[in-house]
Amino acid sequence: MAALDWSQCAAVESIPGKRSGAWVFRDSRTPVSVVFENLEVGASIDEIMDWFHLSREQVVSVIDFAARSLDAPPASPVPPAAVVVDAHPLR
């Protein structure tokens, strides 16, 4: 699966030197990854909001962005591999 282009999500930012350039919630040091890691192990959105001091809007924004990104068509189709035909068959 291709990586998401988080630069298209208004709720997050990546600043060199801030959390090693990881994608974090805008104006925070909280990595976006905490939402998905915690959802994966069964945490609720309310728990994530409480534990990481995030608003519902922030959490839902990144979840919606990730979900919409799964529906997006590929940026450019990959052409089929060229077929090489040998003009000199073996005898």
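Modeller: Let's start with R29, which sits in the loop between β2 (24–25) and α1; helices (H or I, at least four residues) and strands (E, at least two) are DSSP runs, numbered from the N terminus. Keep in mind that this is a predicted model, where local features need pLDDT of at least 70, side-chain atom pairs count only at pLDDT 80 or more, and totals for chains, interfaces and linings use all residues. Residues are numbered from 1 along each chain as its sequence is written, and side-chain values use heavy atoms, with hydrogens and water left out.

Biologist: Which residues is R29 in contact with, leaving aside its neighbours within four places in sequence?

Modeller: Contact means heavy atoms within 4.5 Å. For R29, that gives K18, R19 and V24, once neighbours within four places in sequence are left aside. K18 is eleven residues from R29 in sequence, with 7.2 Å from C-alpha to C-alpha.

Biologist: In what order do the elements of the chain run?

Modeller: From the N terminus on, read β-β-α-α-α.

Biologist: And at roughly what angle do the axes of α1 and α2 cross?

Modeller: Axes are lines fitted to C-alpha atoms, for helices over the stretch in contact, and angles run from 0 to 180 degrees between N-to-C directions. Here α1 (residues 33–40) and α2 (residues 45–52) have axes that come within 10 Å and cross at roughly 135°. That makes the α1 helix oblique to α2 (under 35 degrees is roughly parallel, over 145 roughly antiparallel, 65 to 115 roughly perpendicular, the rest oblique).

Biologist: Which residues meet there?

Modeller: V34, V35, N38 and L39 from α1 meet I45, I48, W51 and F52 from α2.
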